[in-house]
Amino acid sequence: MTLEIRFGTLIPQIYSFIIQTQEVFMKYTDGNADALKTKFWKALADSPFVFLQRDHEPDAAVPMTAQLDKNADSTIWFFTTRDNSLANMGPATVTFAAKGHNMFARFKGVLGEEKSAERLDKQWSNFVEAWFPQGKQDPNMIMLRMDLGTAEIWDGDQSLLTTAKMALGMDVRGDVDDKNVKTAL
């Protein structure tokens, strides 16, 4: 027995399914901005690697590990050296892509020196110490605090529906337009 699939008859059936189920998926503009922010924080905690740049040096973005605290209010921390241009502090921008490429964000804030010994102890880890073998007393180490401002977050998690539409060459711009939010962190 031979199975023959005729794409000429299959495509209209898939298209019909797509049109019928298109309204089932919620959009973040329908009141789910908080859900998207929650998803963003979980993705950042799972893979806290970002590109950080001072706004005065847009061509000097460097990969950094964001130090997070779930109880902190709109703040993240970074460790670097005093001779790094980031130590000049000031307005900065972070660019983030989640591990699975299902979440993207770009957010702004202000870098300043974190001088709290309690915060240093809380954020210090073996991973940080690997970069600063002299430990917490390394004279060239600086802990930066970034007070977060505005952000734009994109949900790159594509539904089966969107994937099927792309496979058929259908326009998916409307499906992804509403999968982002501009918000304060």
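**Exercise 1.** In this predicted model, find which residue forms a salt bridge with aspartate 46, and work out where the two partners sit.

*Solution.* Start with the contact: aspartate 46 pairs with lysine 99, and their closest N and O atoms are 3.5 Å apart. Next, place each partner in the chain. Aspartate 46 belongs to helix 2, while lysine 99 is in the loop between strand 4 (90-97) and strand 5 (103-113). The bridge thus links distant parts of the chain, 53 residues apart.

**Exercise 2.** Now turn to aspartate 155 and lysine 39: is each one buried, partly exposed or exposed?

*Solution.* First, confirm the pair: the two side chains form a salt bridge with an N to O distance of 3.1 Å. Aspartate 155 is in strand 6 (residues 141-155) and lysine 39 is in helix 2 (residues 33-46), so this bridge ties together parts 116 residues apart in sequence. Then classify them. Aspartate 155 has 7% relative accessibility and the cut-off for buried is under 20%, so aspartate 155 is buried. Lysine 39, at 26%, counts as partly exposed.

**Exercise 3.** Locate the salt bridge between lysine 136 and aspartate 121, and describe the accessibility of each partner.

*Solution.* Begin with the distance, which is 2.8 Å from N to O. Lysine 136 lies in the loop between helix 4 (126-129) and strand 6, and aspartate 121 lies in helix 3 (residues 117-123), 15 residues apart. Last, read off the accessibility: lysine 136 is partly exposed at 31%, and aspartate 121 is partly exposed at 46%.

Definitions and conventions. Residues numbered from 1 in each chain as written. Predicted model: local features only at pLDDT ≥ 70, side-chain atom pairs only at ≥ 80, totals over all residues. Heavy atoms only, no water. Salt bridge = Lys/Arg side-chain N within 4 Å of Asp/Glu carboxyl O. Helix = DSSP H or I, 4+ residues; strand = E, 2+ residues; numbered from the N terminus. Buried < 20%, exposed > 50% of the residue type's maximum accessible area, 1.4 Å probe, protein only.
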